[in-house]
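Thanks for making time this morning.

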Amino acid sequence: MKDRLQQVARVEELRAELAAAEAELEAIRTAPSPALAHLAITLHRKQCHLSHDDRCAWDYERENGEAKWDAYTHKRYLEKAERLALIAPPGVVEQLLEVI
Ligand SMILES: [Zn+2]
């Protein structure tokens with residue numbers, strides 16, 4: 001009986017490890033390219049005038065030191081970056097943003 005309980009516990013442990021690995025893989029798959037991420041960061045820096053203490057979640061949307069691009073605020077700025085990247089390469093858009 002004890003062996004059976006240990007086996008069940010081990011299977012549960014492996015399931016938890018698998019779920020964590022799958023979440024990590026999904027984060028890697030959905031991560032934006034470095035150029036798009038940089039453009040989204042620049043857009044946020046230039047456009048967001050909210051308080052970062054209690055009005056904008058940008059600084060709180062992090063996990064293990066990494067930006068959470070599927071979180072509300074990051075996703076919003078990433079979508080803006082993606083729309084702008086359809087018009088011009090992200091590097092060109094960033095140069096334009098620095099001028100205006
Ligand atoms: Zn902000």
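Two residues are in contact here if their C-beta atoms, placed from the backbone, lie within 7 Å. On that basis, among contacts between residues at least 6 apart in sequence, 54% join residues at least 24 apart. Please keep in mind that this is a predicted model, in which local features need pLDDT of at least 70 and side-chain atom pairs count only at pLDDT 80 or more, while totals for chains, interfaces and linings use all residues. Residues are numbered from 1 along each chain as its sequence is written.

The protein has four helices and two strands, taken as DSSP runs numbered from the N terminus, with helices being H or I of at least four residues and strands E of at least two. An automatic or database assignment divides the protein into domain 1 (1-30) and domain 2 (32-100), whose centres over C-alpha atoms are 34 Å apart.

Turning to burial, a residue is buried if 20 or more other C-beta atoms lie within 10 Å of its own, exposed if 12 or fewer, and partly exposed in between. Of the 100 residues, 8% count as buried.

Finally, Asn64 sits in the loop between β1 (62-63) and β2 (66-67), and its phi is near 55°, a positive value in a residue other than glycine. Is Asn64 buried or exposed? Asn64 counts as exposed, because it has 7 C-beta neighbours inside 10 Å.
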